[in-house]
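Thanks for coming, everyone. Today I will talk about aromatic rings. Let me put the structure up.

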Amino acid sequence: MPSLPGRVRIVIVGGGAVGCSLAYHLAKRGAGAEVLLLERHRLTAGTTWHAAGLVGQLRATQNLTRLAQYTTGLYRGLEAETGQATGFRETGSLAVATTAARFEELRRGASMARRFGLDVQVMDPSEAAKLHPLMEARDLVGAVYLPRDGHVGPIDVTHALAKGARMGGARIEEGVSVTSILAENGRASGVMTDQGPVRAEIVVNCAGMWGHGLAASAGVTVPLHAAEHFYVVTETMPELPPNLPVLRDPDLFTYVKPEPGKLLVGWFEARAKPWGMGGVPADFAFGHLPDDVEHVAPLLEAASRRLPILNRTGIRLFFNGPESFTPDDRYLLGEAPELPGFYVAAGFNSIGIQSAGGAGCVLADWILDGHPPMDLWDVDVRRAMPFQRNARYLRDRTVEALGLLYAMHWPFREPETSRGVRRSPIHDKLAAAGACFGEVAGWERANWFAPAGMKAEYEYSYGRQNWFGASAAEHRAVREAAGLFDQTSFAQFVVEGADAEAALSRICANHVAVAPGRVVYTQWLNERGGIEADLTVTRESDTRFRIVTAAATQVRDFAWLRKHLPSDARVAAWDASSAYATLSVMGPKSRDILAALTPEDLSNAGFPFGTAKEIDLAYARVWATRITYVGELGWELHMPAEYAPGVFDALIEAGAPLGMRLAGYHALNSLRIEKAYRHWGHDITDEDDPIQAGLGFAVAWDKRGGFIGRDALLARRGKKPTRRLATFILDDPAPLLYHNEPIWRDGAMVGHVTSGMFGHTVGRAIGLGYVGHEDGVDAAFVTSGRYQIEVACGRVPATATLTPPYDPTGARIRA
Ligand SMILES: Cc1cc2nc3c(=O)[nH]c(=O)nc-3n(C[C@H](O)[C@H](O)[C@H](O)COP(=O)(O)OP(=O)(O)OC[C@H]3O[C@@H](n4cnc5c(N)ncnc54)[C@H](O)[C@@H]3O)c2cc1C
């Protein structure tokens with residue numbers, strides 16, 4: 001029995017690949033002596049021991065690709081560093097496509113990956129067949145090859161990370177179970193183990209598929225659920241060529257890893273089998289699940305079509321092991337908003353070995369520096385919604401989540417399972433009007449409206465999808481008459497009290513000490529000047545403010561707000577999102593439409609842009625806010641939820657004769673991109689500052705008392721930033737932009753598209769993206785270059801601008 005220290009700085013729970021990588025990286029940063037890792041059984045006993053060990057570098061986004069690229073580099077050198085073998089083999093990997101769409105997906109991924117110097121080669125089927133001579137290649141359309149991908153021994157690599165951690169002073173104890181998380185004064189304060197308490201400043205949940213239950217016991221949401229994951233290992237095949245690459249055939253759900261003389265064949269099938277519905281047993285160590293030959297047989301048959309050699313060999317091992325999956329197939333990293341001091345690194349969706357290096361590295365920085373080292377919103381645990389702890393929701397989503405790894409990653413793809421969680425009061429009215437819904441943070445939101453005779457269902461493609469025309473009509477209605485948007489999914493917070501103005505003044509970069517009835521667009525910055533949130537603040541009275549922000553950032557923004565309200569301030573803040581509905585009427589006819597329903601003076605003199613009032617509207621009282629995200633005259637109407645159906649009916653009655661149409665979120669996106677309005681999480685994140693983002697106009701530089709992030713910004717004020725957000729309009733009207741496409745300036749790659757959409761008024765695809773240059777980027781630099789945007793490995797000429805492509809003076813907003 002080890003005798004545990006009574007107190008350490010950092011306790012890591014779980015000794016899989018992820019926990020050991022975190023310990024290793026904390027040690028690398030010099031904090032090893034402050035780290036205690038506790039593993040219930042022996043290292044790797046959870047999911048890690050049976051992983052296939054593939055380490056690929058191509059991920060869905062730029063930053064996740066960077067982290068996977070880092071992992072591969074780390075594993076490449078880890079044996080030399082620690083003296084512990086890792087089994088790392090740089091075999092390369094080949095992903096094949098059997099349809100044009102899949103090939104486009106692979107090429108778009110290849111374009112993105114090149115941004116960071118990843119060696120990715122696009123090849124035709126005959127070249128691919130030379131690399132993998134066992135492969136049937138006649139039905140292939142193309143392939144991409146990453147020569148520096150490979151595989152490791154997951155047990156070996158974990159032990160190498162643990163050895164490196166110990167070499168750096170970390171203490172690792174096996175055979176110690178954490179039974180609960182300790183908390184004091186609203187912060188994590190240690191763990192209780194089966195061998196007594198250990199006090200700590202920081203507790204990190206690296207407990208894999210047990211991470212959900214462990215977190216829930218501390219009131220923290222870590223939404224993940226286990227699913228069965230299958231692979232087989234063949235008998236020895238003497239004729240197996242040496243140096244085969246890893247093969248991925250996503251259209252057949254299959255991956256194939258070469259082992260000495262054998263092949264390991266695994267699957268991410270479309271419909272998975274969730275596991276562990278009654279909780280994952282604590283004594284499940286080095287465990288596996290019963291075979292399910294019936295489930296595997298059709299998958300094996302499909303794999304044999306790609307590799308006919310499988311028809312001629314026996315199977316030595318049928319393997320079925322559990323792994324945890326998250327609702328959006330991305331892992332969960334960072335400090336839990338519910339419990340400061342409690343960090344999470346869990347839910348690795350079957351890529352935990354290839355993610356462990358990068359995730360451990362950035363989480364170590366996050367813990368030691370108090371903030372993430374780069375934009376990690378893709379995987380940030382603050383995107384988890386409280387309802388996502390619901391067991392049935394998780395189980396039902398897991399059926400789909402495993403298969404999404406290899407499913408087509410269509411633009412605008414929506415999940416099919418666990419839907420209908422959060423609905424606006426007018427949901428059924430929108431459905432009856434032909435709404436096709438998408439999901440954000442559990443909300444069902446109308447993305448577009450199917451005209452009569454058309455089904456409200458997506459037909460996905462990389463080109464113009466079936467809703468393109470319908471959304472274009474909504475877009476035009478907003479520009480020419482009016483559109484009615486249901487924006488009930490907005491998160492809304494109320495901040496009230498005698499000190500509300502002072503507290504918010506410090507948190508907001510813009511000036512919010514305004515007269516009641518003013519609406520202020522502002523960012524919340526961190527101490528480094530990075531943008532943590534992008535939202536509006538409406539002063540409703542001397543002591544009461546309403547904050548409106550995006551659905552996706554409800555938890556994150558509210559946690560930021562709470563954290564930064566001084567504990568001794570006379571102020572209360574609450575999350576009122578579920579209390580309010582929002583209907584927005586936007587477009588040149590919006591004034592006429594509302595005038596039919598309210599006695600209020602809506603003229604420019606009576607109701608100027610940037611103001612808000614509580615007004616009579618139909619039979620309700622609503623907070624009307626004259627603001628826009630689409631670049632037209634318009635009002636957001638916020639009301640207690642139960643009034644929304646009545647107000648909606650009245651708006652339709654008044655609006656229809658004036659050409660108002662229902663409009664969805666796809667139209668909202670095409671409208672906002674023509675105005676170059678930024679979208680937090682894509683165009684602006686915590687690693688971008690307002691100067692780089694072109695949002696200096698929303699910074700109240702000289703306000704009394706300053707604001708969080710001011711000093712960092714001031715140090716950069718007046719200097720050329722090394723990156724600048726610009727708008728790009730493709731010269732050719734045909735190609736579409738989504739995001740992540742590289743931006744070339746005069747033949748050099750200078751950035752990538754952070755968000756893209758077709759602008760129906762401009763008639764071209766438009767992208768926002770940063771132009772970077774180490775000597776600084778000013779307006780002349782941005783507009784003087786010759787630009788191309790790389791789409792699926794081809795380059796499309798584009799024009800860059802720093803002014804919005806539509807209504808650059810904002811005249812229409814103030815009309
Ligand atoms: C069949 C299969 C094949 C896979 N193939 C690959 C692949 O090719 N490439 C890849 O990248 N990934 C692969 N994966 C996924 C990979 O195995 C996982 O993502 C990864 O191992 C997760 O590591 P982890 O450290 O998060 O979890 P785990 O390895 O499960 O570690 C968590 C540890 O926490 C311990 N623990 C839990 N609760 C407590 C407690 N209360 N107190 C103390 N200790 C506790 C557990 O005992 C366990 O050891 C595969 C998974 C499966 C199932």
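One term to begin: buried means under 20% relative accessible area, exposed means over 50%, and partly exposed lies in between, using a 1.4 Å probe and protein chains only. This is a predicted model, where local features need pLDDT of at least 70, side-chain atom pairs count only at pLDDT 80 or more, and totals for chains, interfaces and linings use all residues. Residues are numbered from 1 along each chain as its sequence is written, and side-chain values use heavy atoms, with hydrogens and water left out.

Now the rings. Rings of Phe, Tyr and Trp (its six-membered ring) pair if their centres lie within 6.5 Å; planes under 30 degrees apart are stacked, over 60 edge-to-face, the rest tilted. The structure holds 22 aromatic pairs. Take Trp49 and Phe286: they sit edge-to-face, 6.0 Å centre to centre, with 65 degrees between the planes.

Next, Trp448 and Tyr458. Their ring centres are 5.9 Å apart and their planes at 80 degrees, so this pair is edge-to-face. Trp448 is buried, at 0% relative accessible area. Tyr458 counts as buried at 14%.

Last, charges over rings. That needs NZ of Lys or CZ of Arg within 6 Å of the ring centre and within 35 degrees of the ring normal. Arg745 lies over the face of Phe781, 3.6 Å from the ring centre. Arg795 lies over the face of Trp744, at 3.5 Å from the ring centre.
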